[in-house]
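Here is a short note for a colleague opening this structure. Please keep the model in view and follow the points in order.

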Amino acid sequence: MEIFYYEFMQKAFIIGIVVSIICPLVGLFVVLRRMSLIADALSHISLAGVAAGLLAGSNPVLSASLFAVGGGILIECLRQRYRNYSELAIAIMLSTGVALAAILLGIGNGLNANILTYLFGSIVVNNNTDVIIILISGIIVFGMVGILYKELYLIAFDEETAELSGIPVRKISVLFTALTALTIALAMRIVGILMVSSLMIIPVAAALQISKSFKASLLYAITFSVISTTFGLFLSYYLNLPPGGTIIMLAVAVLAAVIMYKNVIYRQVYKDEFNTKPTELQ
């Protein structure tokens, strides 16, 4: 196919597949822990990291990853301080990330043009260094989630029970938040900082509509994410559309289709039950 003749598209698909796997993998645990907004907070901290990287002349993906991981650890520390108001930690770090990004962008007046590719995503500017960083980081995220799968599963549903079972909840929570931050920093290269949280949450939301178990939810979420990303990259190339917005809109379309499908199934089941009642009474 013509699209794969270009090296930048080959890199885009490699990055896209990695990101579309680890985003819902982490996103499912985030949703089950009622912490969906943490993705938005960490994405804004990543923006500050990108600005810092551009100012320093270093790799923006690496600097964004470091900022996001540091911000994620701080969020967990603040959550321990405000146990009864844990959402405050997210709000504080979100505000801090936006303010710091604004200051750094103000210092670097010439950064505005470059920052747009990170705000909305780009399939053209990915270089070999980006691909290597994202591949290695993606393997780390996937491996750590696999190693801590049982612990994360228990913590997601009941932190108190997990702690009573001897699981180091605080340490694992800090590590998981750091993995979430790393995932967000990686995903910004495809969908952009402003929409990265959507790729973590929307496929999971679609999966939860039709799945009947945790593992099924995970498989459905990854499948929906991969489909949205793959077709989104195709459409963005052939129709000259922004990749980030195209991928997210496809994810939204998948969610809408799943909800419609579920409604049709429920109506059919209800109709069948209603029609069989008179026969059962005879």
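1. Start with helix 6 and its buried residues: Asp-130, Val-131, Ile-133, Ile-134, Ser-137, Gly-138, Val-141 and Val-145. Buried means under 20% relative accessible area, exposed over 50% and partly exposed in between, with a 1.4 Å probe and protein chains only. These residues cover an arc of only 160 degrees around the axis, which puts them on the same side of helix 6. The arc is that of the directions from the helix axis to the C-beta atoms.

2. A word on the basis. This is a predicted model: local features need pLDDT of at least 70, side-chain atom pairs count only at pLDDT 80 or more, and totals for chains, interfaces and linings use all residues. Residues are numbered from 1 along each chain as its sequence is written, and side-chain values use heavy atoms, with hydrogens and water left out. Helices (H or I, at least four residues) and strands (E, at least two) are DSSP runs, numbered from the N terminus.

3. What covers the buried side of helix 6? The cover includes helix 1, helix 3 (60–81), helix 7 (149–157) and helix 9. Contact means heavy atoms within 4.5 Å. The face turned away from the buried side carries the exposed residues Ile-139 and Ile-147.

4. The length of helix 6 (residues 128–147) checks out. Its 20 residues, at 1.5 Å a residue, should span 28 Å, and the end C-alpha atoms are 29 Å apart, which agrees. The expected span is 1.5 Å times one less than the number of residues. Thr-129 is also found in helix 6. Thr-129 counts as partly exposed, at 41% relative accessibility. Its C-alpha atom lies 25 Å from that of Leu-241, 112 residues away in sequence.

5. Now helix 7. Its buried residues are Leu-152, Ile-155 and Ala-156. Seen down the axis, they fall within an arc of 100 degrees, so they line one face of helix 7. They pack against helix 1, helix 6, helix 8 (159–164) and helix 9. On the other side of helix 7, Lys-150 and Phe-157 are exposed.

6. Look next at Leu-25 in helix 1 (residues 7–32). Is Leu-25 buried or exposed? Leu-25 counts as buried, at 6% relative accessibility. Not counting residues up to four places away in sequence, Leu-25 touches Phe-142, Val-145 and Leu-218. Leu-25 and Leu-218 are 193 residues apart in sequence, yet 6.5 Å apart in space, C-alpha to C-alpha.

7. How do helix 9 (residues 169–191) and helix 10 (residues 196–210) pack? They meet at an angle of about 110 degrees, with their axes 7 Å apart. Axes are lines fitted to C-alpha atoms, for helices over the stretch in contact, and angles run from 0 to 180 degrees between N-to-C directions. Helix 9 and helix 10 are therefore roughly perpendicular (65 to 115 degrees). Thr-180, Ile-184, Ala-187, Met-188 and Val-191 in helix 9 meet Val-196, Leu-199 and Met-200 in helix 10.

8. Two loop residues deserve a look. Arg-34 lies between helix 1 and helix 2 (38–56). Its phi is near 60 degrees, a positive value in a residue other than glycine. Arg-34 is exposed, with a relative accessible area of 70%. Asn-240 lies between helix 11 (214–238) and helix 12 (243–281). Phi of Asn-240 is near 55 degrees, also positive in a residue other than glycine.

Note on methods: Angles under 35 degrees count as roughly parallel, over 145 as roughly antiparallel, 65 to 115 as roughly perpendicular and the rest as oblique.
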